[in-house]
Amino acid sequence: MSDIAIIDLEASGLHFDSYPIEVAARVNGATKSWLIRPEPNWTYWCDTAESLHGISRSELTSSGLPPSQVASELNAFLSQTDGLIYSDAAQWDSDWINTLYHAANEPQLFHILSLYDLLEPDQHTKFDDTKTQLADSGRYRQHRAAEDVELIYWSYINTKLEQE
């Protein structure tokens, strides 16, 4: 079973005006994450989302990196891949990555695909169940991008191992 690259993003909310606030990727066993400083025109903020991820807008303003730096560093980190990176929420993550790269005025050098495309149809529920079990184990802090990429990766690995 080959290693796969995983991406996850946290956002200001689940709304068409939401924007990325944290991104993490797992490549070849290494995980890296970035907090993203909001652009001046990124104003939508959901308190419910903040209660889930625990990242305040003031923390992003003081500790986040500019979108251009995040985009550049993410491209460099993902250059170790074949340009394909997987997400368990590919549509949402793709939209937020597009927002990031548009603000950064940087080319996006990778493509996000659905992790479910790597699974047989009968494995989708098993993946979701495994992810829930691992999340409930207390080993991962959900809704932080670096923890979520590990959770997604190990859920995928455990699902595929059961098939063998």
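A search of the whole structure turns up 6 aromatic pairs, where rings of Phe, Tyr and Trp (its six-membered ring) pair if their centres lie within 6.5 Å, with planes under 30 degrees apart called stacked, over 60 edge-to-face and the rest tilted. One of them joins Trp34 and Phe77, an edge-to-face pair at 6.2 Å centre to centre with 70° between the planes. Trp34 sits in strand β3 (residues 30-35) and Phe77 in helix α3 (residues 67-78), so the pair ties together parts that are 43 residues apart in sequence. Helices (H or I, at least four residues) and strands (E, at least two) are DSSP runs, numbered from the N terminus. Both Trp34 and Phe77 are buried, with buried meaning under 20% relative accessible area, exposed over 50% and partly exposed in between (1.4 Å probe, protein chains only).

A word on the ground rules: this is a predicted model, in which local features need pLDDT of at least 70 and side-chain atom pairs count only at pLDDT 80 or more, while totals for chains, interfaces and linings use all residues. Residues are numbered from 1 along each chain as its sequence is written, and side-chain values use heavy atoms, with hydrogens and water left out.

Another edge-to-face pair is made by Tyr153 and Trp154, at 5.0 Å centre to centre and 85° between the planes. Tyr153 counts as buried at 8% relative accessibility, whereas Trp154, at 34%, counts as partly exposed. Tyr153 also has Arg26 over its face, 3.6 Å from the ring centre; for such a charge, NZ of Lys or CZ of Arg has to be within 6 Å of the ring centre and within 35 degrees of the ring normal.

Back to Phe77, which comes out buried at 12% relative accessibility. Leaving aside residues up to four places away in sequence, Phe77 touches Ala25, Arg26, Val27, Ala30, Thr31, Lys32 and Trp34, contact being heavy atoms within 4.5 Å. Buried in α3 are Pro67, Val70, Ala71, Leu74, Asn75, Phe77 and Leu78. They cover an arc of only 165° around the axis, which puts them on the same side of α3, the arc being that of the directions from the helix axis to the C-beta atoms. The cover over these buried residues includes β1, β2, β3, β4 and α4.

Helix α4 (residues 90-104) has 15 residues and spans 20 Å from its first C-alpha to its last, close to the expected 21 Å. Its buried residues are Ala90, Asp93, Trp96, Ile97, Leu100, Tyr101 and Ala104. These cover an arc of only 135° around the axis, which puts them on the same side of α4. They pack against β1 (6-11), β2 (20-27), α3, β4 and β5 (111-114), while the face turned away from the buried side carries the exposed residues Gln91 and His102. After α4 comes Asn105, with a positive phi near 55°.

Strand β4 (residues 84-87) contains Leu84, partly exposed at 31% relative accessibility. Leu84 touches Ala5, His111 and Leu113, again not counting residues up to four places away in sequence.

Note on methods: Expected span 1.5 Å × (residues − 1).
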